[in-house]
Structure formats: structure tokens, C-alpha cells
Amino acid sequence: MVYVKGNSGRKESRAVQNSLIRSTGYWAPPNVIDNDELVASYNAYASRFNQTHADAIAAGTVEAVPLSSSEFIVGASGIQRRHVYEKDGILDIDRMVPAIAPRPVEALSVQAEFALRSARPALEAAGYEGKDIDGVIVASSAQQRNFPGLSCEIQDAIGATGFSFDLTMACASALYGLNIANSMIRSGQARRILICSPELMTCINVHSRREVHFIFGDASAAMIVEADDGRPGGWDVLGTHAQNKWSSALRSDFGFLNIAERQVVPDHEPHLDQDGHRVFKDVVGFAPTVARDLMERIGLAPEDVRRTWLHQANIRMVDMIAKRILGRDRTEDNAPAILQEYGNTSSSSVVMNFQMHSDDMAAGETGVMCAFGAGYGVGAAAVRKRADG
């Protein structure tokens, strides 16, 4: 609710500020690992492990590490390549994680720098400077430290003032951020908010596990969401919706309690893990209902939706979720896919997809964003393209 002051003093106004996405930005690192490179590294690791533990494997006390293949990866996910922040450490079978040099405390952090790679293009596209932003939300699967907030660091780096906070809702984080930004703007609590989704997922992934070694890439995306001031361009936010359903079928246990938990026996080994078949079945059933509930609430029929931009988890999920949202088979026009080039870049993927595949839409056409991930958390947003000036 917004309060306005008129001739008779302070009055309550039920006028709601409409919000819009003014601009977006994204950045993917130039380093690329294709499936053949990744498989060669993984299989070298697996073969060495199996040879080293041959006797225990034969005795049944140790499980053999299965080999991978490019055909397996494409069949399971549709992914052909992924862009990564650091390549050599991932492919080194004695390491299998990115090798990132530590920075002094007073230096800009790695993830903040990563976020700025997309935030600055978003600011430039909108014609704004940091001082024009009155709120920063970092919405990503993980932040590199518990505190101070990464959002505070980004806010300082661009010269913004006002509020800032971090939120984490896995691959749905960016749309949870949009949901909050939309609510704050519509209620009059904020005028212009920058949402950053810097996803360094190769630092979370376990590249020595066949089930997940191929899934993730790194990318950063940003959105500027603001109150409608009558300026042409941008995308009206017709509605947003977020909903959760508890599941631990997809999880990463890295956290501040690890140091305490490692004191128990057997030793705790935090890692990324998933029951892929269960996640697929659960999310394909759940995610479209969240998007369709939003559409029903705002009176948007499937045939009125020109395009849906989905989180890029795997191609079979994209196919099925798009069909259930749109009520028709997925095509590259009505639900484009980008995971073949970038892999799963967590919450940044839906924003990247939107930016890459929205310029061709006409003013007045409507689209639906939908992102889904661990939790399970699902976020959806309906947007309509405005006429340019």
C-alpha cells in the first residue's frame, strides 16, 4: 500500500505501481569444455581408480567407477559443451575442480566480479549508473561466503545505495528474486532493483561422479526491474509466482556446519548428489502446475503465450515442461533451448534464455518464464513486451 500526501494531509492510496523488466545482461566465460574433453578426463580418472582398487572391486568391497561417453551425456541431457570459469583444474584428474587463486580480503571477490560481468551490461542497456539503483538482490545457488553479503559488495562496487541482500533457491533463484522485486516495487517499497545471478556451478559440481560430472557450466545473468514511469520499452511484469515442495533428491551439503560434522564417524563427505530419475519425475509434474496456476490467476490462456523461457536442466525436461505449460509440442520457437552450448548454469539460464530469444517478439506479445530446481522450488513470471519509443 502506498501513502500519498494531498491537500487534506496524508491519505491512503490503493494505487499500485506496475513493475517492468527494463533490461537484462549475461556473461559466459570464454573457456569451453566439450563432451569429448570432459569424457577423456573423467574416464582417465575412472580407469585409474578401478585399476588401483581392482582387488577390492573383485571382492565386492568397493564399487567400480563406471565409464562415461559423449553419447551418454547427449542422451541423458542434450548438453554438448559448457563454458567454465577455469578449465585446467576441472580436467586435471588429480584435482577435478576449478583452480582459482585466492584473493586478498580487500580485493573484489571472485563471485562479485563474476556478477558484475552481467550487471554492468544490464545497467548500460538501461542507460543507468549504479547510483540509479536503490536495491540489489543476489539470487543464486550459492554464495562464496556466509557474510558480509555478496549483494553488499556488488552494491558498493557499482556505487548504489539503499538495501541489498542475498537469497538462495537453487536453479529457481533468479525468478524468486524477480518475485520479491516485483512485490517490493508494486507495494512502493522500491523504485528500481538490480537482480544478479552469478552461478559458478563448476565449483559445486563433483566431476568424479558419472551421474553429475557433465551437467554444469558457469554463467552470470542480471535483470533490472523497476516501477513503470511511462518510458517506452522493456517488459511489463504481468505476474509472478513461487512455490515449494520439500525434497532432498537433489542436494549439495557444503556449508558452515561441515567442520563440526566431520568430527563424527564415519567421516562426513559433503558433495552434490541427486536421484536423477526421481528429480525428473517430480519436477516435470510440479513445475508446469506453478506456471499454469500463475497463468490462470492473471487470465492468460496457453494459446495467448507466444513463448516460454525455461531453466535449462536437461532437454527432456525442457520438452515435457514446455508442452505442459503451452498445451502444444515444444519447438525452438516457442520454447528455445540453450543448454547444448552452455550446460546447466543454474538460475542464470532462464535469464540468458530470455535475453537471447526475445528480441524477435512483437510489442504486445506475451511470454512465460519458468525455473525449477532443488528444494523443490519453482518460480514463474509472465511478461509482455512493450512498444519501443
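Q: Is Glu226 buried or exposed, and what is its relative accessible area?
A: In this predicted model, Glu226 sits in strand β9 (residues 218-227). Buried means under 20% relative accessible area. Glu226 is therefore buried, its relative accessible area being 0%.

Q: Which residue forms a salt bridge with Glu226, and how far apart are the closest N and O atoms?
A: The structure holds 24 salt bridges. One of them joins Glu226 to Arg192, and the closest N and O atoms are 2.7 Å apart.

Q: What lies at the two ends of the salt bridge between Glu365 and Arg306, and how many residues apart are they?
A: The closest N and O atoms of Glu365 and Arg306 are 3.3 Å apart. Glu365 is in the loop between α12 (348-356) and β14, while Arg306 is in strand β13; the two are 59 residues apart.

Q: Which residue forms a salt bridge with Arg307, and which residues are joined into one network?
A: Asp360 forms a salt bridge with Arg307, with 2.8 Å between the closest N and O atoms. Asp360 lies in the loop between α12 and β14 and Arg307 in strand β13, 53 residues apart. Asp360 is partly exposed at 47% relative accessibility, whereas Arg307 is buried at 2%. Through salt bridges that share partners, one network joins Arg306, Arg307, Asp333, Asp360 and Glu365.

Q: What distance does helix α10 reach from its first C-alpha to its last?
A: Helix α10 covers residues 315-326, which is 12 residues. At 1.5 Å a residue, the expected value is 16 Å. The helix is close to that, reaching 16 Å.

Q: Why are the buried residues of α10 on the same side?
A: The buried residues of α10 are Met317, Val318, Ile321, Ala322, Ile325 and Leu326. They are on the same side of α10 because they cover an arc of only 135 degrees around the axis. An α-helix has 3.6 residues a turn, so residues three or four places apart point the same way. The arc that places them together is 135 degrees.

Q: Which elements do the buried residues of α10 pack against?
A: The packing of these residues involves helices and strands. The elements are α9 (276-297), β13 (305-310), α11 (339-342) and β14 (366-373).

Q: Which residue caps the N-terminal end of α10, and which residue follows the helix?
A: A side-chain oxygen of the capping residue lies 2.9 Å from the backbone nitrogen of Arg316. The residue that follows α10 has a positive phi, near 70 degrees. The cap is Asn314, and the residue after the helix is Gly327.

Q: How far apart in space are Ile73 and His213, C-alpha to C-alpha?
A: Ile73 lies in helix α3 (residues 70-77) and counts as buried at 0% relative accessibility. Beyond its neighbours within four places in sequence, Ile73 is in contact with residues including Asn35, Val39, His213 and Phe214. Ile73 and His213 are 140 residues apart in sequence, and their C-alpha atoms are separated in space by 9.4 Å.

How values were computed
Residues numbered from 1 in each chain as written. Predicted model: local features only at pLDDT ≥ 70, side-chain atom pairs only at ≥ 80, totals over all residues. Heavy atoms only, no water. Helix = DSSP H or I, 4+ residues; strand = E, 2+ residues; numbered from the N terminus. Expected span 1.5 Å × (residues − 1). Buried < 20%, exposed > 50% of the residue type's maximum accessible area, 1.4 Å probe, protein only. Arc of directions from axis to C-beta. Contact = heavy atoms within 4.5 Å. Polar contact = N/O pair within 3.5 Å; in protein donor to acceptor, adjacent residues only side chain to side chain. Salt bridge = Lys/Arg side-chain N within 4 Å of Asp/Glu carboxyl O.
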